[in-house]
Amino acid sequence: MTTEPRLRIAMQKSGRLSEDTQKLLKRCGLKLNVSDRRLLAHVSNMPIDIMRVRSSDIPGLVMDGVCDLGIVGDNTLEEAALERQLMEQSHSYVKTTGLNFGGCRLSIAMPEEFNYQGIKSLDGLRFATTYPQLLNRFARNNGINVEFCLLKGSVEVAPRVGLSDGICDLVSTGATLEANGLKEVEVIFKSTASLIQNPAVLEPSKQKILDTLLPRIQGVMKAKE
Ligand code: PRT
């Protein structure tokens with residue numbers, strides 16, 4: 001017995017992108033049974049499986065071809081691509097379409113009292129960040145040297161406890177920066193969620209599924225504008 005190939009899409013299991021992603025897929029007409037325990041959710045009315053994982057795992061799963069597609073923030077994607085390039089791992093992907101949710105920016109923020117006089121005032125300083133590759137690229141492109149300490153969460157607290165001079169973290173409303181006595185001094189990357197795809201040519205039956213799905217996604221995005 002041959003089984004029909006199923007398109008595999010990775011999405012964030014829980015967090016800021018998961019609800020919007022689920023809503024998007026449902027609006028596209030996908031019947032999804034997402035329960036907390038099942039990490040591979042079957043779409044009952046189309047040959048699609050949804051793999052629910054950490055956001056940070058999505059770029060690698062797509063780049064390694066474990067998943068055909070993924071929905072992930074451009075920030076996570078670009079950081080992973082730079083890191084994997086450095087490690088000589090596969091780091092290519094195709095951005096199939098941008099999505100209009102998950103908007104944020106990766107910014108450098110300093111304590112309120114810091115005397116900021118342009119990018120050169122950041123030279124030689126230490127930053128807490130989850131995004132060392134994007135920070136390094138920004139520093140290199142601007143001819144400054146920076147140090148970083150890697151934090152996966154609560155980044156905003158680092159300057160106050162003496163761990164770093166400033167931070168490089170995601171900002172959306174700016175409320176978290178303000179609550180922690182920080183001011184945004186440079187936006188280094190702007191991000192939204194994107195649908196990405198492994199660069200290899202999809203087998204024809206999977207391409208057919210994507211050809212049905214993609215116009216629906218674009219239609220939902222357009223209706224939201
Ligand atoms: O845990 P996992 O590996 O799944 O991923 P994650 O840790 O990145 O998860 P999550 O859910 O925090 O974020 C998922 C994605 O949402 C991010 O990668 C971004 O693409 C997007 N996104 C959009 C944001 C924000 N806005 C955002 N504001 N991610 C995080 N934040 C945090 C930020 O780090 C800071 O602590 O919110 C705080 C700032 O918010 P404001 O509104 O006070 O400025």
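This is a selection-by-selection tour of the model above.

The model is predicted, so local features are given only at pLDDT of at least 70 and side-chain atom pairs only at pLDDT 80 or more, while totals for chains, interfaces and linings use all residues. Residue numbers start from 1 along each chain, as its sequence is written.

**Domains.** Colour 7–102 together with 193–224 as domain 1, and 104–191 as domain 2; these bounds come from an automatic or database domain assignment. The centres of domain 1 and domain 2, taken over C-alpha atoms, are 29 Å apart.

**Interface.** Eight residues of domain 1 are in contact with nine residues of domain 2, contact being C-beta atoms, placed from the backbone, within 7 Å of each other. On the domain 1 side, the largest share, six residues, comes from H3. That side of domain 1 has four charged, three polar and one nonpolar residue. In these classes Asp, Glu, Lys and Arg are charged, Ala, Val, Leu, Ile, Met, Phe, Trp, Tyr, Cys and Pro are nonpolar, and the others, Gly among them, are polar.

**Largest core.** Next select Ile9, Val62, Leu69, Ile71 and Ile196, which touch the most other members of the largest nonpolar core, a set of 26 residues. A nonpolar core here is a set of buried Ala, Val, Leu, Ile, Met, Phe, Trp, Tyr and Cys residues joined through C-beta atoms within 7 Å. Buried stands for 20 or more other C-beta atoms within 10 Å of a residue's own, exposed for 12 or fewer, and partly exposed for values in between, with C-beta atoms placed from the backbone. Elements giving two or more residues to this core include strand S1 (7–12), helix H3 (74–86) and helix H6 (204–224). S1 gives the most, four residues. Helices (H or I, at least four residues) and strands (E, at least two) are DSSP runs numbered from the N terminus.

Now centre on Leu69. Beyond its neighbours within four places in sequence, Leu69 is in contact with Leu7, Ile9, Val62, Thr96, Leu195, Ile196 and Gln197.

**Positive phi.** Most residues other than glycine have a negative phi. Go to Glu88, in the loop between H3 and strand S5 (94–98), where phi is near 55°. Glu88 is exposed, with 7 other C-beta atoms within 10 Å. Finish at Ser154, in the loop between strand S8 (147–150) and strand S9 (166–171). The phi of Ser154 is near 50°, also a positive value, and Ser154 counts as exposed with 12 C-beta neighbours inside 10 Å.

Terms used
Contact = placed C-beta atoms within 7 Å.
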